[in-house]
Structures are given as structure tokens and as C-alpha cells.
Amino acid sequence: MAVLPPFPGTTGRRDWRTAFDAIRKLLANGDDTTQVFRIMRALNVGNAPMNYARLIATGQGGRIAYDRVELAQRFSDPAFVAGFAPGTVGAAYRHFLETTGYSADGLVAVSRVEPSVDDLAHPYAWFGRRVRDTHDIWHVLTGYQADESMGEASLVAFSYAQVGGLGWALIGTAAALKSIRVTGSMLFAKAVWEGYRNGRKARWISGEDYLTLLNEPLDAARARLGIVTPVAYLRAQRELGPALASYLSTQKTGAGAVPERIAA
């Protein structure tokens with residue numbers, strides 16, 4: 001696979017000071033999604049060129065890159081989301097949006113709280129947006145609950161295995177280590193480790209044509225992509241209960257509560 005040049009104007013150095021400041025704030029309040037993007041930008045240096053090179057080396061990756069579809073725009077279109085047949089990945093994504101209250105444009109808004117290169121007219125920036133905009137599709141595919149600390153941390157670990165980037169690794173590891181003290185058990189940490197292992201076993205999802213994938217039956221898509229049932233995660237959910245599974249969230253349940261997101 002070809003090695004592509006770095007993002008123009010970048011130093012290639014990781015900003016550990018910013019990353020540790022952000023992880024401290026994130027662990028204090030798992031609902032502060034802005035910190036996730038600070039960590040990613042500080043540590044995922046060189047990640048976009050590596051993954052973009054991997055994409056265009058695949059059979060359909062050249063066409064996907066050439067088309068350069070902005071997925072957040074599609075996912076924010078109610079008519080587009082409403083059009084998927086029952087049982088498909090798209091229908092499951094629609095149900096996800098309806099039950100969580102999340103939205104594609106909401107995630108975009110959070111990512112723009114601090115200035116970054118994410119919105120530049122550049123192939124690497126486009127690929128970064130593609131990873132951001134499909135985060136909730138990955139929740140649907142993997143079965144990891146989005147409004148829950150453990151589900152987000154497990155998907156973070158899965159994402160690290162899939163696309164690399166030390167930012168993902170830092171968030172997943174820190175959440176898992178803190179969970180041992182908070183919950184008094186290894187169940188949360190084992191679920192996160194399982195997420196990483198499952199991500200390693202699965203096909204590279206970032207190489208998928210998402211507009212085709214959304215129309216595929218959900219169970220068939222999971223089987224084709226090698227996404228297995230997260231056994232340790234489901235056990236931890238049962239045994240820890242909702243409060244400990246979401247130990248990072250400061251939000252209270254009830255009317256007007258904002259759903260938790262420790263990752264994006």
C-alpha cells in the first residue's frame with residue numbers, strides 16, 4: 001500500500017498535553033463530546049493519510065473517493081432516512097435516531113466547537129468526516145449502546161482496531177481502567193477489550209459503500225462484515241446494570257435529559 005504525504009501544514013507531532021487535558025475532562029464528564037474531538041486531533045496524527053491510502057487501494061475505494069459523498073448531508077435528510085425497507089441497516093439506523101434523539105448534523109456541530117482542518121476541501125479531511133459521520137452506523141452494526149459509557153468505550157476500542165489512531169486507544173483504555181475502580185469489577189474493562197478484539201476480526205468497514213450498506217439486511221451485513229455478537233459486553237450490561245454501565249455520564253434520567261456520548 002502506498003505511503004501518502006502528510007496533511008499540508010501539519011507538524012506530524014502528537015500533542016500529548018492537549019490529549020491528557022481533554023481525557024481528564026472527558027472522564028469527569030462523559031457527556032462532554034467536544035473533548036473526544038480534541039483528543040482525536042491531538043493524537044491521530046498521520047491517521048487520515050494512512051486510511052485514505054487504504055481506501056483507494058480497495059476495489060471500490062477509488063470510486064468512493066472520486067464520488068466524495070458527504071454522508072452527514074445524506075443522513076440529515078429525513079426523506080433519505082425514511083426510505084429504507086424494514087430489516088435493513090438503514091431501518092435500524094432510523095430506529096436508532098428516533099430512540100436516542102441523536103442526529104448526524106448534531107454530531108457535526110459538536111465537532112466544530114473548536115477550529116480544525118476537518119472542514120477543509122481536502123481528501124484527508126473528507127475521509128475524517130466520513131469516519132465521524134458513520135460512527136452511529138457502527139453503533140447499529142456492532143450492537144454497542146450509544147447512550148451508555150460502556151457501549152461507547154467498547155465501540156471506541158472497536159474503532160481503534162479498525163482505523164488506528166492513538167486517540168481511540170487513549171479514550172478506551174482510560175475509560176476501562178477507571179471502570180475497575182468505580183464498578184469494583186473487571187466486567188466493563190473486559191467488554192472494552194472484547195470490542196478491540198471484535199474490531200480486529202471484522203472486515204474493514206471504512207472501505208464499505210455506505211449508501212449500499214444501508215440497504216442491506218442488518219443480519220446479513222453483520223455476517224458479511226464478520227461482526228460478531230459482543231458476548232462479554234452483553235454480560236456486563238446484565239450484571240452491572242444501567243447506572244454502572246454509564247458511570248461516566250453526569251446527565252440525570254428524566255424529561256429533558258440529554259443522551260450521553262463519550263465518543264464520536
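This is a predicted model: local features need pLDDT of at least 70, side-chain atom pairs count only at pLDDT 80 or more; totals for chains, interfaces and linings use all residues.
**View 1. The largest pocket and its centre.**
The largest pocket has a volume of about 860 Å³. It is lined by 34 residues. Those closest to its centre are Met40, Arg41, Asn44, Val117 and Asp118.

**View 2. Helices around the largest pocket.**
Helix H2 (34-43), helix H3 (47-56) and H9 each give two or more residues to the lining of the largest pocket. The most come from H9, with 7 residues. By class, the lining of this pocket holds 18 nonpolar, 10 polar and 6 charged residues.

**View 3. The largest cavity.**
The structure holds 2 cavities of 30 Å³ or more. In the largest, the space amounts to about 50 Å³. Its lining consists of Val131, Thr134, His135, Trp138, Ser159, Val163 and Trp168. Helix H10 (135-142) and helix H11 (149-163) are the elements that give two or more residues to this lining. The class count is 4 nonpolar, 3 polar and no charged residues.

**View 4. The second largest cavity.**
About 30 Å³ of space lies in the second largest cavity. Tyr93, Ala104, Leu107, Arg132, Asp133 and Asp136 line the second largest cavity. Two or more of these lining residues come from each of helix H8 (104-111) and helix H9 (123-133). By class, the lining has 3 nonpolar, no polar and 3 charged residues.

**View 5. Helix H9 beside two spaces.**
Helix H9 (123-133) gives two or more residues to the lining of the second largest cavity. H9 also gives 7 residues to the lining of the largest pocket.

Definitions and conventions. Residues are numbered from 1 along each chain as its sequence is written. Side-chain values use heavy atoms; hydrogens and water are left out. On a 1 Å grid over the protein atoms alone, a cavity is a set of points where a 1.4 Å probe fits but cannot get out, and a pocket is an open set with protein on both sides within 12 Å along at least five of seven lines; lining residues have an atom within 4 Å of a point. Grid points are joined across faces, edges and corners, and a volume is the space filled by probe spheres set on the points. Helices (H or I, at least four residues) and strands (E, at least two) are DSSP runs, numbered from the N terminus. Ala, Val, Leu, Ile, Met, Phe, Trp, Tyr, Cys and Pro count as nonpolar, Asp, Glu, Lys and Arg as charged, and the others, Gly among them, as polar.
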